[in-house]
Amino acid sequence: MKGFLYKRMLQLIPTLLIVAIIVFFITRMLPGDPAAVMLGPQASAQDIAEYSEKLGLNEPLHKQFFDYLISLATFDFGNSLTYNRPIMDLIIERFPNTIILAVSALLIAVMIGVPAGIIAARKQNTIIDYSVTTLSLIGVSMPIFWLGVMLVLYFSVNLGWFPATGMGSLEEGFGNFIRHLILPSVALATIPTAEFARIIRSSMLETISQDYIKTARSKGLKEFKVINKHAFKNALTPLLTVIGLQFSGLLGGAVLTETIFSWPGMGLLIVDAIEKRDFVVVQSTVIFIAVIYVVINLIVDILYKVVNPKVNLDSNSGGGK
């Protein structure tokens, strides 16, 4: 286990370096002059030139990149050019909101997707199984931006059941907070729900066909006990991996959802920074999310070993022996 952890820690360095390189050059390829965008249309050419000099945009590209890597290595994210605040303060302020949204979506996905997959496996080749499979395929293929807009139009505009945008404050009541949370959580949970249903169905079908399940049934155990105590426990391992990967994906994939529902999280912060050409915020927030992503994947690998001690961690991480 220690050797695996050391190996994965070392793998973080080239992974994050590649992400840093990609983000740096993509932000430099964005159309428009960042200084001109931030100063506004009334700024003179002299003002734009002076501000570009202040931001270091006139420096050679290789020097900008070297300074950028130094700041990342020293955990100095700097100040936002737009908000005029330390970027770390913005991340600390916004990241909990993204966590709330991602965890809510994950809970919805688990509560709906896992039972649906179990039922589909128990009712194999029936209308229930076909319905779950079809809905799972639709869910995986569903464009989040389209679904989010449809949810707003129907449940907010037409029915008026839920707020269309924003994040409710707990000071205004827990119920108000939940009403703001429901629509973006449902939109974000669509793909994970479908994935969980498909994974659990496949894993349960494989487990149910094993001899020890047939033996348990032959002993007269109730079907509920056979499924929940024996089959589901052994079908849980692949689900654990998928849950970890989906949670990582939810943190990064919340950009569209937060933009549609004006949810004040990391995704909306990145979109606003792109629109305002605040490339410093874009670089720092993307790197931060990348770090969280790889750390969660590391935790999932460790839990995978805990649930299934027989698994070969080296081969699971792609190294092999």
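With a relative accessibility of 56%, Val157 counts as exposed, since exposed denotes over 50% relative accessible area, buried under 20%, and partly exposed anything in between (1.4 Å probe, protein chains only). The model is predicted: local features need pLDDT of at least 70, side-chain atom pairs count only at pLDDT 80 or more, and totals for chains, interfaces and linings use all residues. Residues are numbered from 1 along each chain as its sequence is written, and side-chain values use heavy atoms, with hydrogens and water left out.

**Overall architecture**

- The protein contains 13 helices and 0 strands; helices (H or I, at least four residues) and strands (E, at least two) are DSSP runs numbered from the N terminus.
- In sequence order, the pattern reads α-α-α-α-α-α-α-α-α-α-α-α-α.
- Of the 321 residues in the protein, 40% are buried.
- Contacts (heavy atoms within 4.5 Å) between residues at least 6 apart in sequence join residues at least 24 apart in 72% of cases.

**Surface and nonpolar patch**

- The protein has an accessible surface of about 17,400 Å², and carbon and sulfur atoms account for 66% of that area. Accessible areas come from the Shrake-Rupley method with a 1.4 Å probe, and for residues only the protein chains shown count as cover.
- A nonpolar surface patch comprises Phe145, Trp146, Val149, Met150, Leu153, Val157 and Leu256, which together have about 650 Å² of accessible area.
- Patches consist of residues with over 30% relative accessible area and no salt bridge; like charges are joined within 9 Å, and nonpolar side chains (Val, Leu, Ile, Met, Phe, Trp, Tyr) within 5 Å.
- Helix H7 (residues 144-158) makes the largest contribution to the nonpolar patch, with 6 residues; Val157 lies in this helix.

**Nonpolar cores**

- In soluble globular proteins, nonpolar side chains tend to be buried together.
- A nonpolar core is a set of buried Ala, Val, Leu, Ile, Met, Phe, Trp, Tyr and Cys residues joined through side-chain atoms within 4.5 Å.
- The largest nonpolar core has 26 residues, of which Leu188, Phe196, Ile200, Met204, Phe247 and Leu250 touch the most other members.
- At least two residues of this core come from each of helix H5 (87-122), helix H8 (174-208), helix H10 (223-261) and helix H12 (279-307). Helix H8 gives the most, with 9 residues.
- A second, separate core holds 22 residues, among them Ala20, Phe65, Ile87 and Val280.

**Thr190 in helix H8**

- Thr190 is located in helix H8 and counts as buried because its relative accessibility is 18%.
- Neighbours within four places in sequence aside, Thr190 is in contact with Gly139, Met142, Ile144 and Leu147.

**Salt bridges**

- Side chains of opposite charge can pair when their charged atoms come close.
- The structure has 3 salt bridges, each defined as a side-chain nitrogen of Lys or Arg within 4 Å of a carboxyl oxygen of Asp or Glu.
- Asp129 and Arg201 form a salt bridge through their side chains, at 2.6 Å from N to O. This pair links distant parts of the chain, with Asp129 in helix H6 (residues 127-141) and Arg201 in helix H8, 72 residues apart. Both Asp129 and Arg201 are buried.
- Arg85 is partly exposed at 30% relative accessible area, and Glu93 is partly exposed at 41%; Arg94, at 11%, is buried.
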